[in-house]
Amino acid sequence: MPRYYEDKPEGGACAGVKEDLGVCLLQSDCVLKEGKSPRQCLKEGNCKALKYSFFECKRSMLDARSRFRGRKGY
C-alpha cells in the first residue's frame, strides 16, 4: 500500500499518506465507473483505512506528546 518515492522531496509530515489517499480515491470504482468526484467518494466511505491514517497523522502534529514519541504514520 504505501508508496515511497526516492526522487521526490519531502512535502511535509503527512505527505505520503495524503498522496496514497489521493491515489486510492482516483483508482476506486466510485470515481472510475460512477463518475463521481473524489470528494464525494471520500464522504461515502471509500478508502476508510487511509482516511483514518491521514486523520491520525494530522492529529499527531497537534499532540504535545509527539515531540517525545515521534509522529505516527509513515
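**Ground rules.** I number residues from 1 along each chain as its sequence is written, and I work with heavy atoms for side-chain values, leaving out hydrogens and water. Since the model is predicted, local features need pLDDT of at least 70 and side-chain atom pairs count only at pLDDT 80 or more, while totals for chains, interfaces and linings use all residues.

**Helix α1.** I took helices as DSSP runs (H or I, at least four residues), numbered from the N terminus. Helix α1 covers residues 15–26, which is 12 residues. From first C-alpha to last I get 17 Å, close to the 16 Å expected at 1.5 Å a residue; the expected span is 1.5 Å times one less than the number of residues.

Next I asked which residues of α1 are buried. For this I used relative accessible area: buried is under 20%, exposed over 50%, and partly exposed in between (1.4 Å probe, protein chains only). V17, D20, L21 and L25 came up as buried. Looking down the axis of α1, I see these buried residues within an arc of 135 degrees, so they line one face of the helix. The arc is taken from the directions from the helix axis to the C-beta atoms. The buried residues pack against α2 (29–32), α3 (38–44) and α4 (48–62), with contact meaning heavy atoms within 4.5 Å.

**A stop at A49.** A49 sits in helix α4 and is exposed, at 58% relative accessible area. I also checked A49 against L21: they are 28 residues apart in sequence and 9.0 Å apart in space, C-alpha to C-alpha.

**Disulfides.** How many are there? Counting pairs of cysteine sulfur atoms within 2.5 Å, I find 3 disulfides.

- C14 and C57 have their sulfur atoms 2.0 Å apart. C14 lies in the segment before α1 and C57 in helix α4, so this pair ties together parts 43 residues apart in sequence. Both C14 and C57 are buried. The S-S torsion is about -95 degrees, so the disulfide is left-handed.
- C24 and C47 are joined, S to S 2.0 Å. C24 is in helix α1 and C47 in the loop between α3 and α4, so the pair ties parts 23 residues apart in sequence. C24 is partly exposed at 25%, whereas C47 is buried at 14%.
- C30 and C41 also have sulfur atoms 2.0 Å apart. C30 is in helix α2 and C41 in helix α3, 11 residues apart. C30 is buried at 6%, and C41 is buried at 0%.

Numbering the bonded cysteines in sequence order, I wrote the pairing down as 1-6, 2-5, 3-4.

How values were computed
Helix = DSSP H or I, 4+ residues; strand = E, 2+ residues; numbered from the N terminus.
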